[in-house]
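Thanks for coming, everyone. Please have a look at the structure on the screen, and then I'll walk you through parts of it.

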Amino acid sequence: MYRLACVHCAATYPADQIVYTCSRCGHLLAVQYELDTIAIDRSRWHRRPLSVWRYRELLPVKREPVTLQEGGTPLYHLKRLGEELGLPHLYAKHEGMNPSGSFKDRGMTVGVSMALELGMSQVACASTGNTSASLSQYAAKAGIPAIVLLPAGKVALGKIAQALMHGAKVISIRGNFDRALEMVHELCISHGIYLLNSVNPFRLEGQKTIGYEVVDQLEGVPDRFVLPVGNAGNISAVHKGLNELRTLGLIDTLPMMTGVQASGSAPIVRAVHEELPEVIPEKNPETVATAIRIGAPVNAEKALVAIRATGGTATSVSDDEILRMQRDLARMEGIGVEPASAASVAGIRRLVEEGQIDRDERIVCVVTGHLLKDPETVIAQCAPPCEIDADISLLLSALSS
Ligand code: AN7
C-alpha cells in the first residue's frame, strides 16, 4: 500500500491519481509506503536475480512489469585508479550496462509499467538524451507511442540514434533542456499524455534500486555514494531508497550523498556551498557532458535534503577534469563511460585533492551511461587510426613508430 505525498506541505494523493506535483503548493511528490505493513524476507530477495525487480515489495507496480531485464549492473573495484588517488576502497557501479546503456532504464521499467497500470496510452519526456533513449525502448516494449523533446544540437549521437530507431516521435526544440521540460509538462497536462521525466515520482522508485543493489553487492552500506547530478533525480532516488531500508531496520547507517556537477552547470553545488535554502537556476548551462547540461534541476528540493541530511557534499568539475577521468577510467580500469558519468569519479579526485575525503572511506561512484552514447566526444579526444596499405612490413613499421 502506498500513496503520493508532497515533500513540502505533506498533502497526500491516492495512488491512482495522475498528478506530478502537489496541486496545493506546487512542490514535488514522493511515493510513500506504509512500511510497517511490508514484510521483507531478505533471503527471498537473494533467491531472485540481482535486478530492479528483486526489490518488488518496495516498488509501486502491481501488474506484470514492462521489463527488458534492467539492473543487475556490475560493481567494479577501481584498483589502479584507487591506488593513484590513495583510496583503497573505491568502486564504480556501471549503470552503462543497462539495456539502453544508462541508469534511466531502472526508472523506465517502473514508469512505463505504471503508465499501463494507470490506463495511459501515450508517454512523453524532455531529455538531454538518455531519458529519451530509454523511454523509446520501454514504450516499444509496451507497444505504446512515445514523444520525446530534445534540445536541438545538444544531444549525443548515440542517444538520438536510439530514440529514432526505437520509433519515438522525436522533436528537437530550439532552446535548452529546461525549456523543453516546461513544454512537455504543459503538453502532457493538456493532452492526457503520461509524463516520464524524473518529476514523475514512480521513475525515482525504479532508480532507488541502485542503492539496494550496492548494499547487496558490498554486503553493507558504503560510506559515500557519489553521483553526477543534472536534474538531481538519481541522487534523490538513491537516498530515498536507502532511507526506506533504514526505516525497515535492514541497514543502520546512510552513506554521505555526494553530488557532482559540471562547473558550467552547477546550481546545486552553489546552493550547497552557500547554504542557500533553494537553488538559483543557471540560465545558460554549458558543458561537454551534455547529459547534465541542466540549469534548473527539477528535483533540487529532494537532492538538497539528501546531501544535507547525510553529511554529504557537492562539488563541481571542469570539462577538462571530466574528459581526463573519462580517459583514465577507459585506460586504467577498462570501463567505458560517457562524459557525464566520468564526472562522479572526477569529483572524487577533486575532493581528494582538496583533502575532503577520508582515505579509508568505502566510496561508490555511480557511472551512469555507456561510452558509446557519445562517440563524437570520444573520437575528438583520440588520435585517428593509422591507415596503411595491406602489407606486413608497413604494419611492422607502423607498430614501431
Ligand atoms: C549519463 O536524459 O536528464 O541528476 O534527460 O544521462 O537524475 O538528472 C539525463 C541525466 C547523469 C543526471 N548521468 O541524472 C536526460 C537526463 C547521465 C545522464 C545524469 C543524466 P539526474
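**Around Leu 329**

Leaving aside neighbours within four places in sequence, Leu 329 is in contact (heavy atoms within 4.5 Å) with Leu 78, Leu 81, Gly 334, Ile 335, Val 337, Ala 342, Val 345 and Val 367. This is a predicted model, in which local features need pLDDT of at least 70, side-chain atom pairs count only at pLDDT 80 or more, and totals for chains, interfaces and linings use all residues. Residues are numbered from 1 along each chain as its sequence is written, and side-chain values use heavy atoms, with hydrogens and water left out.

Back to Leu 329. It lies in helix α12, residues 319-332. Helices here are DSSP runs of H or I with at least four residues, strands are runs of E with at least two, and both are numbered from the N terminus. Is Leu 329 buried or exposed? Its relative accessibility is 0%, so it counts as buried. Buried means under 20% relative accessible area, exposed means over 50%, and partly exposed is in between, with a 1.4 Å probe and protein chains only. Ala 342 sits 13 residues from Leu 329 along the chain, and their C-alpha atoms are separated by 7.7 Å.

**The antiparallel sheet**

Next, the start of the chain. Three strands form an open sheet, in the order β2-β1-β3, with antiparallel pairing. The edges are β2 (12-14) and β3, each with a single partner strand, so one side of each has no neighbour in the sheet. Direction ignored, neighbouring strands of this sheet are turned by 35° against each other on average. Two strands pair if DSSP finds at least two bridges between them.

How many bridges join β1 to β3? There are 5, and β1 is residues 2-6. Ala 5 has Ala 30 in β3 as its bridge partner. As for β3 (residues 29-33), 4 of its 5 residues are buried, so the strand is largely enclosed by the rest of the structure.

**A parallel pair**

Now to β10, residues 224-228. Here 5 of the 5 residues are buried, so this strand is largely enclosed by the rest of the structure. Arg 224, Val 226 and Pro 228 point one way from β10, while Phe 225 and Leu 227 point the other way. Its parallel partner is β11 (residues 256-262), joined to β10 by 5 bridges. Within β11, Gly 259 is the bridge partner of Leu 227.

**Helices**

First, α9. Helix α9 covers residues 233-247, which is 15 residues. From first C-alpha to last it reaches 21 Å, close to the 21 Å expected at 1.5 Å a residue. That expected span is 1.5 Å times one less than the number of residues. Of the 15 residues of α9, 12 are buried, so the helix is largely enclosed by the rest of the structure. Among them are Ile 235, Val 238, His 239 and Leu 242. Just after α9, Gly 249 takes a positive phi of about 80°.

Last, a helix pair. The axes of α4 (residues 130-142) and α5 (residues 157-165) come within 8 Å and cross at roughly 25°. That makes α4 roughly parallel to α5, a label for angles under 35 degrees. Which residues meet? Asn 130, Ser 132, Ala 133, Ser 136 and Gln 137 in α4 meet Lys 159, Gln 162 and Ala 163 in α5.

How values were computed. Axes are lines fitted to C-alpha atoms, for helices over the stretch in contact, and angles run from 0 to 180 degrees between N-to-C directions. Angles under 35 degrees count as roughly parallel, over 145 as roughly antiparallel, 65 to 115 as roughly perpendicular and the rest as oblique.
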